[in-house]
Amino acid sequence: MHEYSIMQSALNQALQQARLAGAARVHEIRLRIGVLSGVVPDALQFAFEALRPGTAAAGAVLTIEEVPARFWCATCRREFVSANLYSECPDCQNPSGELRAGRELELSAMEVDHV
Amino acid sequence: MCDQCGCGLSAGIPATVSGHDPHDHGDHEHGHEHPHPPHSHEPGEQARQTVELRHAILEQNDRLAERNRGYFLARGVLVLNVLSSPGSGKTTLLGETIRRLGPRLKTGVIVGDLATDNDARRLRDSGAPVVQINTGTVCHLEAEMVARAVRQLDIARLDLLFIENVGNLVCPASYDLGEDLRVVLLSVTEGEDKPLKYPPVFHSANVVIVSKADLDRACDFNREAARANIRHMAPQARLFEISAKTGAGLDDWCDYLIQRHEALKQRDPLAPA
């Protein structure tokens with residue numbers, strides 16, 4: 001359950017930025033989570049429900065954008081998205097050792113009171 | 001858009017207004033044409049703005065991991081982060097590796113478990129200095145735990161440091177510890193399809209070791225299928241098939257570690273990675 005500590009750091013960062021911006025309330029927190037990050041979005045939602053009470057984000061929703069796995073094929077010289085997470089290029093079948101996206105664990109944005 | 005009463009956006013502010021109070025426009029007039037989707041103007045509803053952040057959630061860990069990496073590189077210590085499910089043979093493999101490397105490389109170990117120092121005691125039998133981290137309820141090691149544990153080792157005397165992570169194929173995958181190489185074990189008793197079940201950790205591996213290789217027949221382990229699955233999820237990784245019990249494969253593995261340590265010593269710690 002490392003999602004709990006990951007959600008805790010994301011929430012702390014968001015609350016800190018909200019304070020710096022002078023916003024009293026956070027309405028939405030947006031994350032970008034790669035499918036190869038090792039983090040389960042549902043578990044983040046579950047952790048968020050447990051962590052938000054008593055904070056400026058008590059009434060906030062958590063929106064998670066899943067980032068697909070994108071590899072670089074050096075043979076075809078192009079990127080491809082792999083839905084099944086296999087590293088083989090769909091055109092030439094050569095495996096790619098270069099993962100270009102899919103490991104993101106990012107606090108991308110938030111909605112706060114207009115100040 | 002109105003730039004006097006605040007209902008519109010001025011350039012350069014990374015904010016989008018998605019709802020605001022009915023308000024007085026003072027001495028100017030304009031319609032309510034908004035460049036964003038329709039929304040309600042209920043009284044009492046707060047005006048909102050979007051703040052772009054783009055923060056790496058594990059930034060603090062990543063920063064500490066980079067600090068660890070520089071510290072190890074400057075001292076010429078090759079560091080391996082060893083990950084696997086519980087019971088796939090990490091401790092036995094490390095013990096046998098340390099015994100074989102004994103005359104060539106001085107090796108230390110940091111070992112993480114939720115509880116007990118059983119693994120540390122087993123590893124001390126190999127003659128290496130060992131530091132046990134008990135993580136309590138934490139399912140993985142973090143860079144900061146490694147930085148603290150390293151202080152208990154005489155790092156200047158080491159060539160190689162194994163970090164035996166908590167037995168878990170999920171959570172440790174997200175945490176950089178500052179290692180040079182991430183080693184993922186898959187024992188033949190776990191089945192050929194383990195890489196397909198745990199893609200994140202295999203995609204992050206520099207080395208994959210098929211362990212307990214002497215038990216393959218007893219487990220009906222299909223080596224070809226395992227190799228194909230490892231290729232799907234970890235084509236970037238160097239593959240070894242090892243039995244720590246019989247010693248099969250250990251020489252290749254130890255030669256590889258000696259080569260990697262030689263290469264590390266040639267590197268300039270101040271050169272860009």
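I began with the pairing of strand β1 (residues 26-34) of chain A in this predicted model. I found that β1(A) runs antiparallel to β6(A) and is joined to that strand by seven bridges. Within this pairing I located A:I33 opposite A:L105 of β6(A).

I then turned to what else β6(A) contacts by bridging. Strand β1 (residues 48-56) of chain B is also joined to β6(A), antiparallel and through seven bridges. For A:L107 I noted B:H55 as the bridge partner in β1(B). I also checked the burial of β6(A), residues 105-113, and recorded nine of its nine residues as buried.

Next I traced the sheet of chain B. I read seven strands in an open sheet with parallel pairing, in the order β4-β3-β5-β2-β6-β7-β8. At the edges I placed β4 (130-134) and β8 (238-241) of chain B; each has a single partner strand, so one side of each lacks a neighbour in the sheet. Neighbouring strands of the sheet are turned against each other by 20 degrees on average, direction ignored.

Strands β3 (residues 107-113) and β5 (residues 160-164) of chain B share five bridges in the parallel sense. Here I saw B:G108 opposite B:L161 of β5(B).

Definitions and conventions. Residues are numbered from 1 along each chain as its sequence is written. Chains are lettered from A and ligands numbered from 1 in the order in which they are written. This is a predicted model: local features need pLDDT of at least 70, side-chain atom pairs count only at pLDDT 80 or more; totals for chains, interfaces and linings use all residues. Side-chain values use heavy atoms; hydrogens and water are left out. Buried means under 20% relative accessible area, exposed over 50%, partly exposed in between (1.4 Å probe, protein chains only). Helices (H or I, at least four residues) and strands (E, at least two) are DSSP runs, numbered from the N terminus. Two strands pair if DSSP finds at least two bridges between them. Axes are lines fitted to C-alpha atoms, for helices over the stretch in contact, and angles run from 0 to 180 degrees between N-to-C directions.
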